[in-house]
Amino acid sequence: MTKTTMRESAEALLPADLLAFLACSTPPGWVEAALNNQALLLIDHAQCEKKAASNAMSLMYRYVDRPLLLTKMSQLAREELLHFEQVVKLMESRGIDYRHIGASRYAEGLRACVRREDPQRLVDMLIVGAFIEARSCERFACLIPHLDEELARFYRSLVKSEGRHYEDYLMLARRYAPECIDARIAFFAERERELIEAPDTTFRFHSGLPVAA
Ligand SMILES: [Fe+2]
Ligand SMILES: [Fe+2]
């Protein structure tokens with residue numbers, strides 16, 4: 001598949017606002033690395049679902065006075081744990097052993113830019129959540145045209161739910177921000193683009209441009 005065709009098929013699966021939210025597309029080199037490392041992709045994918053649930057629960061512990069956040073994050077955590085179970089089941093059926101692997105630089109790279117004081121901290125955490133969900137969604141869409149039918153079907157279902165999670169995080173960020181967050185979104189969009197496009201020696205679900213170690 002050519003670079004343009006690949007991008008077109010990924011874009012067809014994604015809402016326009018989500019594509020516009022991200023400052024760059026996944027580099028074709030990452031898709032190639034993912035297809036050559038499907039066992040590692042699935043192990044890290046399982047890790048990401050578990051972390052997504054645990055991050056949502058951390059927000060629920062910290063911001064107990066925000067009922068909408070509590071409801072949305074509780075729903076999100078349950079969905080992420082369901083995704084986790086689905087990935088683990090798929091791994092089992094494919095004979096892939098679940099083992100502990102280190103995280104990519106991606107989420108930490110974004111969280112390093114989160115401001116320390118509330119409500120700015122909360123707003124930044126929610127914006128970071130929106131980027132992680134939007135990028136996951138975009139990566140599933142990039143992979144789908146190249147995968148076997150079973151994995152493609154599973155990832156198509158995830159495009160829908162992670163797309164909803166992106167919307168929920170962004171809605172909550174706008175709701176709890178004392179001022180317009182467009183500049184803050186632009187700031188994180190640029191940081192996120194760097195993490196996706198800069199050379200990265202460790203392949204993971206959210207890693208950057210693959211290069212040899
Ligand atoms: Fe998920
Ligand atoms: Fe999600």
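1. H4 passes H5 in a left-handed crossing; a crossing counts as left-handed if the near helix is turned anticlockwise from the far one by less than a right angle, and as right-handed if clockwise. The axes of helix H4 (residues 38-62) and H5 come within 8 Å and cross at roughly 160°. Axes here are lines fitted to C-alpha atoms, for helices over the stretch in contact, with angles from 0 to 180 degrees between N-to-C directions. H4 and H5 are therefore roughly antiparallel (angles under 35 degrees are roughly parallel, over 145 roughly antiparallel, 65 to 115 roughly perpendicular, the rest oblique). The contact of H4 with H5 has 19 nonpolar, three polar and three charged residues. Nonpolar means Ala, Val, Leu, Ile, Met, Phe, Trp, Tyr, Cys and Pro, charged means Asp, Glu, Lys and Arg, and the others, Gly among them, are polar.

2. Some ground rules: this is a predicted model, where local features need pLDDT of at least 70, side-chain atom pairs count only at pLDDT 80 or more, and totals for chains, interfaces and linings use all residues. Residues are numbered from 1 along each chain as its sequence is written, while chains are lettered from A and ligands numbered from 1 in the order in which they are written. Helices (H or I, at least four residues) and strands (E, at least two) are DSSP runs, numbered from the N terminus.

3. Two residues to look up in H4 are lysine 51 and methionine 57. Lysine 51 is partly exposed, with 15 other C-beta atoms within 10 Å, and methionine 57 is partly exposed with 16. (Buried takes 20 or more other C-beta atoms within 10 Å, exposed 12 or fewer, partly exposed is in between; C-beta atoms are placed from the backbone.) Methionine 57 and leucine 70 are 13 residues apart along the chain, with their C-alpha atoms separated by 8.8 Å.

4. Now for H7 and helix H9 (residues 182-197): their axes come within 10 Å and cross at roughly 45°. That makes H7 oblique to H9, and the crossing is right-handed. Residues meeting here include Val123, Ile127 and Phe131 in H7, and Ile185 and Phe188 in H9 (contact means C-beta atoms, placed from the backbone, within 7 Å). By class, this contact of H7 with H9 has six nonpolar, no polar and four charged residues.

5. Last, helix H8 (residues 149-176). Its buried residues, including Tyr155, Leu158 and Tyr169, pack against helix H2 (16-21), helix H5 (67-93) and helix H7 (120-143).

Conventions
Two residues are in contact if their C-beta atoms, placed from the backbone, lie within 7 Å.
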